[in-house]
There are 2 protein chains.
Amino acid sequence: MSGKVNLAESFTRIEKPWSPTIVGELNGQYVKLARFDGAYVWHSHQAEDELFLVVSGRLNIELRDRTVELSPGEFFVVPRGVEHRPVAQPNAEVLLFEPASTLNTGNAPANEWTRRPDQLDRL
Amino acid sequence: MSGKVNLAESFTRIEKPWSPTIVGELNGQYVKLARFDGAYVWHSHQAEDELFLVVSGRLNIELRDRTVELSPGEFFVVPRGVEHRPVAQPNAEVLLFEPASTLNTGNAPANEWTRRPDQLDRL
């Protein structure tokens, strides 16, 4: 059984942006923490709904028809198949809930941020 | 597609303790908010791992062999099959993440808190 996780303490050990780090696992889903910094890539996930909860900073989830603006203590679920682009301004600390199978860059062409689930860091 | 959820604002609309309220749904899992107040009942969930994230207040998760003490910004995952008793002191605001099938009082005899998944409130 894993121990408890303190979000603020965990973020002190995560330096690199756009590098989701696994901090919890339950029911085939991962809890991940990530620093978001600037604009990510447009992408979607074919089979995975994805939750973004802002812990600190500000995060815009751009959708093709609108932008969802998130402040600390706010979350949003991007349903599977929906194109989205996270844009953090400034540097933001974000908690993600999503299936363990989720590829961080979704259906976008592989780029410098792409990490397969088995390549993710764990705290 | 649901809108964004502000945790603090949502808790202003939840008054009754021990009454999990659905605020999000993804991948067959629910995000629930609940006020915890005092001692709950010992129980376990046969097929569901359960995440507790404290938003405000303090929550002890008593296990048979130890107690996990949670402050705001801390979470703990109780694996399926593990007996636990939440004890909040004082009133605490808690986010839960668990399969939609989860019965709030688990394997304990039905009591005044018991709500089947289809009986839960939604915000």
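The model is predicted.

Chain A contains one helix and nine strands. Their order along the sequence is β-α-β-β-β-β-β-β-β-β. The C-alpha atoms of the chain occupy a box of roughly 40 × 25 × 25 Å along the principal axes. The radius of gyration is 13 Å, which agrees with the value near 14 Å that a compact globule of 123 residues would have. Of the 123 residues in chain A, 38% are buried. Contacts between residues at least 6 apart in sequence were also sorted by separation: 62% of them join residues at least 24 apart.

Strand β3(A) pairs with both β2(A) and β8(A). The pairing of β2(A) with β3(A) is antiparallel and runs over five bridges. Within this pair, Thr21(A) faces Leu33(A) of β3(A). The two strands form a hairpin, with two residues between them. Asn27(A) sits in the turn and has a positive phi of about 55°. β3(A) and β8(A) are also antiparallel, and ten bridges join them. Here Ala39(A) stands opposite Val87(A) of β8(A). Strand β3(A) spans residues 29–39, and eight of its eleven residues are buried, so the strand is largely enclosed by the rest of the structure.

In soluble globular proteins, nonpolar side chains tend to be buried together. The largest nonpolar core in this model has 56 residues. The residues with the most contacts inside that core come from both chains: Phe52(A), Leu59(A), Val94(A), Phe52(B), Leu59(B) and Val94(B). The surroundings of Leu59(A) illustrate the packing. Leaving aside residues up to four places away in sequence, Leu59(A) touches Phe36(A), Phe52(A), Val54(A), Leu70(A), Pro86(A), Ala88(A), Ala92(A) and Val94(A).

The contact between the chains draws 25 residues from chain A and 25 residues from chain B. On the side of chain A that touches chain B, two or more residues each come from β1 (5–6), α1 (7–11), β2 (21–26), β6 (67–70), β7 (74–78) and β8 (84–99). β7(A) gives the largest share, four residues. By class, this side of chain A has 15 nonpolar, six polar and four charged residues. Strand pairing also crosses between the chains. β7(A) and β1(B), residues 5–6 of chain B, run antiparallel and are joined by two bridges. Glu74(A) stands opposite Asn6(B) in β1(B).

Gly73(B) counts as partly exposed because 17 C-beta neighbours lie inside 10 Å. Not counting residues up to four places away in sequence, Gly73(B) touches Asn6(A), Leu7(A) and Ala8(A). Within chain B, Gly73(B) and Val41(B) are 32 residues apart in sequence, and their C-alpha atoms are 24 Å apart in space.

Note on methods:
Residues are numbered from 1 along each chain as its sequence is written. Chains are lettered from A and ligands numbered from 1 in the order in which they are written. This is a predicted model: local features need pLDDT of at least 70, side-chain atom pairs count only at pLDDT 80 or more; totals for chains, interfaces and linings use all residues. The radius of gyration is taken over C-alpha atoms; the globule rule is 2.2 Å times the number of residues to the power 0.38. A residue is buried if 20 or more other C-beta atoms lie within 10 Å of its own, exposed if 12 or fewer, and partly exposed in between; C-beta atoms are placed from the backbone. Two residues are in contact if their C-beta atoms, placed from the backbone, lie within 7 Å. Ala, Val, Leu, Ile, Met, Phe, Trp, Tyr, Cys and Pro count as nonpolar, Asp, Glu, Lys and Arg as charged, and the others, Gly among them, as polar. Two strands pair if DSSP finds at least two bridges between them. A nonpolar core is a set of buried Ala, Val, Leu, Ile, Met, Phe, Trp, Tyr and Cys residues joined through C-beta atoms within 7 Å.
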